[in-house]
Amino acid sequence: MTRSILDTDLPDTPDRRLLTGINSLYSLARVGMAASDTSISVDLQKVGYTELFGVMGGIAESLFDDLDRIERAAGVREVYVDAERTVASRFDHWKDLKRRIAKIEGDDDAGEFTALENEIEAVGAEIANGYPSTHDDAAAMLEWVDIDSDGGIQSEQYIQARKTVADYLRKRAEYVAAKPRES
């Protein structure tokens with residue numbers, strides 16, 4: 001019988017926690033994908049999806065510190081991106097729009113309310129369709145899903161954002177694993 005690296009008793013290190021966390025995220029993502037596929041009869045219902053993706057978000061958030069430590073040890077530098085176009089900056093803009101719409105809710109100016117609703121929707125779509133370039137971006141995507149879904153119906157945007165964060169973590173871990181360590 002072939003044993004995997006997960007079957008061995010390795011010391012509790014950032015590398016080991018990261019590997020375990022990514023494998024857990026991947027497994028949970030597969031459950032979520034199967035449950036969202038209408039041809040497979042897995043019924044998580046509203047509460048099940050919320051709990052499943054809440055667990056995934058918690059696992060992903062716990063990986064960021066270990067990934068930072070491993071990347072620093074490997075000498076990985078962040079890639080330059082336009083600060084106005086990062087997922088985190090779009091999320092900050094989205095939160096600002098939500099605060100603005102909350103202030104005018106109930107006022108008679110339906111035009112401004114509608115315009116803000118449309119902009120919130122457009123910025124949310126940018127977040128859902130974005131790709132994290134930093135750990136802050138990945139965390140912002142997960143937080144956006146948590147706030148915007150508010151335990152409600154799990155739309156394709158939320159599923160896509162979570163899969164994107166899992167993919168980002170997997171690619172970062174592969175990149176770091178392939179990079180020689182500095183002594």
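Tutor: Here is a chat about salt bridges and surface charge.

Student: Before we start, what kind of model is this?
Tutor: This is a predicted model, where local features need pLDDT of at least 70, side-chain atom pairs count only at pLDDT 80 or more, and totals for chains, interfaces and linings use all residues. Residues are numbered from 1 along each chain as its sequence is written, and side-chain values use heavy atoms, with hydrogens and water left out.

Student: Which residue does Glu-126 pair with?
Tutor: Its partner is Arg-90, and the closest N and O atoms are 2.7 Å apart. This pair links distant parts of the chain: Glu-126 sits in helix 4 (residues 110–129) and Arg-90 in helix 3 (residues 87–104), 36 residues apart. Helices are DSSP runs (H or I, at least four residues), numbered from the N terminus.

Student: Is Arg-90 buried or exposed?
Tutor: Arg-90 counts as buried, because its relative accessibility is 13%. Buried means under 20% relative accessible area, exposed means over 50%, and partly exposed is in between (1.4 Å probe, protein chains only). Glu-126 has 33%, so that one counts as partly exposed.

Student: OK, new spot. What does Arg-170 do with Asp-167?
Tutor: Their side chains meet in a salt bridge, 2.4 Å from N to O. Both lie in helix 6 (residues 156–178), three residues apart, or about one turn of the helix.

Student: And where is Glu-174 relative to Arg-170?
Tutor: Both are in helix 6, four residues apart, again about one turn. Shared partners join Asp-167, Arg-170, Lys-171 and Glu-174 into one network of salt bridges.

Student: How accessible is Glu-174?
Tutor: Glu-174 has a relative accessible area of 46%, so it is partly exposed. Arg-170 is partly exposed as well, at 33%.

Key:
A salt bridge is a side-chain nitrogen of Lys or Arg within 4 Å of a carboxyl oxygen of Asp or Glu. Helices (H or I, at least four residues) and strands (E, at least two) are DSSP runs, numbered from the N terminus.
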